[in-house]
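Welcome! Please have a look at the model below, and then we can walk through a few of its local features together.

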There are 2 protein chains.
Amino acid sequence: MTYRNTKQRKDVYDVLKGLDRHLTADQVMEELKKNDRQVGLATVYRNLHHLHENNMIGKVLKDGVALYDGNPEPHDHLHCRMCGKIFDVPKILNEENIKAIEDEKGFSVEEYFTTFEGVCNDCKK
Amino acid sequence: MTYRNTKQRKDVYDVLKGLDRHLTADQVMEELKKNDRQVGLATVYRNLHHLHENNMIGKVLKDGVALYDGNPEPHDHLHCRMCGKIFDVPKILNEENIKAIEDEKGFSVEEYFTTFEGVCNDCKK
DNA sequence: CTCCTTAATGAGAACTGTTATCATTGTATC
DNA sequence: GATACAATGATAACAGTTCTCATTAAGGAG
Ligand SMILES: [Mn+2]
Ligand SMILES: [Mn+2]
Ligand SMILES: [Zn+2]
Ligand SMILES: [Zn+2]
């Protein structure tokens, strides 16, 4: 009774689900409109937040703006400075790397994110 | 003749220079006022941007807001989710890690940033 | 099925951090 | 000292996001 399944929530999730791109809230809105799903902007934000909190979608910050990710599994990102595209890459750091930091700094790592900035293959041609 | 040394630029730099904290533009403003240095907000932003472009200060994004760093050398950050503090840590990834990504994805890495989210030593007590 | 509680929605205002505008100032160069 | 134009200050504009609040509709109880 504390959580309700609304059609808006489902509609927002359906846009991202299984998608390998990374969309801004506005882009999610566009997709909804394209599919004739009427959802208010504030509701889109609320649901993106909610879905992310519940580990159903991922979230990346690119220059301070939130991009939502159909893939909720931990992974890292390449960001092309020429075309702006975001690409997924597996995490590289291993348990020992993390443990070394935790032991050395007395800091408990809950999550960590690496972003690689550079130029993608397509843009180099 | 393309670059000029103004006292405002120096004042902004003096706030950050050698500082091991990470300040928002507003906090830089506060420091300036505290030291009786009158610099307009837009000028503070312009100079932070300029100093960062010229590798004189560092810049970190925390929840989308820019934090400026007296240390311009590449290093990574721990972000405590309880107290909000930012701590410096040396980069962990090595040449091979980067090269592996470049070879595998055909992506040229110019820079990369890792942020560890968690709880710092003080906040665990 | 109907009633009821309250989570969720929609529209728009408000907010926050940052950038743009533009007339004015002052730095570097001759 | 005159000149060119980079830089400044005040403030408007902007973008992305969150808040407000009246209204709607999930979904559990009877
Ligand atoms: Mn991703
Ligand atoms: Mn730092
Ligand atoms: Zn590219
Ligand atoms: Zn802490």
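His79(B) is part of strand E4 of chain B. Keep in mind that this is a predicted model. Is His79(B) buried or exposed? With a relative accessible area of 7%, under the 20% cut-off, His79(B) is buried.

Leaving out residues up to four places away in sequence, His79(B) touches Phe107(A) as well as several residues of chain B, among them Lys62(B), Asp63(B), Ile86(B) and Phe116(B).

## The zinc site

Which residues coordinate the zinc ion (ligand 4)? The donors are the SG atoms of Cys80(B), Cys83(B), Cys120(B) and Cys123(B), at 2.2 to 2.4 Å. The angles between these 4 donor atoms run from 105 to 116 degrees, so the arrangement is tetrahedral.

Along the chain, the donors follow the spacing C-x2-C-x36-C-x2-C. Distant parts of the chain are linked here: Cys80(B) sits in strand E4 (residues 76-80) and Cys123(B) in helix H5 (residues 121-124), 43 residues apart. Cys80(B) counts as buried at 1% relative accessibility, whereas Cys123(B), at 22%, counts as partly exposed.

## The surface near DNA strand D

Around DNA strand D there are 23 residues, of which Asn5(A), Tyr45(A), Thr6(B), Arg9(B) and Arg46(B) come nearest. Of the atoms of DNA strand D within 4 Å of the protein, 64% belong to sugar and phosphate. By class, this surface has 9 nonpolar, 8 polar and 6 charged residues.

Arg4(B) instead places a polar side-chain atom 3.0 Å from a base oxygen.

Notes: Residues numbered from 1 in each chain as written. Chains lettered and ligands numbered in written order. Predicted model: local features only at pLDDT ≥ 70, side-chain atom pairs only at ≥ 80, totals over all residues. Heavy atoms only, no water. Donors = N, O, S within 2.8 Å, 3.2 Å for Na, K, Ca; no water. Tetrahedral: all angles 85-135°; square planar, octahedral: opposite > 155°, others 65-115°. Helix = DSSP H or I, 4+ residues; strand = E, 2+ residues; numbered from the N terminus. Buried < 20%, exposed > 50% of the residue type's maximum accessible area, 1.4 Å probe, protein only. Contact = heavy atoms within 4.5 Å. Near = heavy atom within 4 Å. Polar contact = N/O pair within 3.5 Å; in protein donor to acceptor, adjacent residues only side chain to side chain. Nonpolar A, V, L, I, M, F, W, Y, C, P; charged D, E, K, R; others polar.
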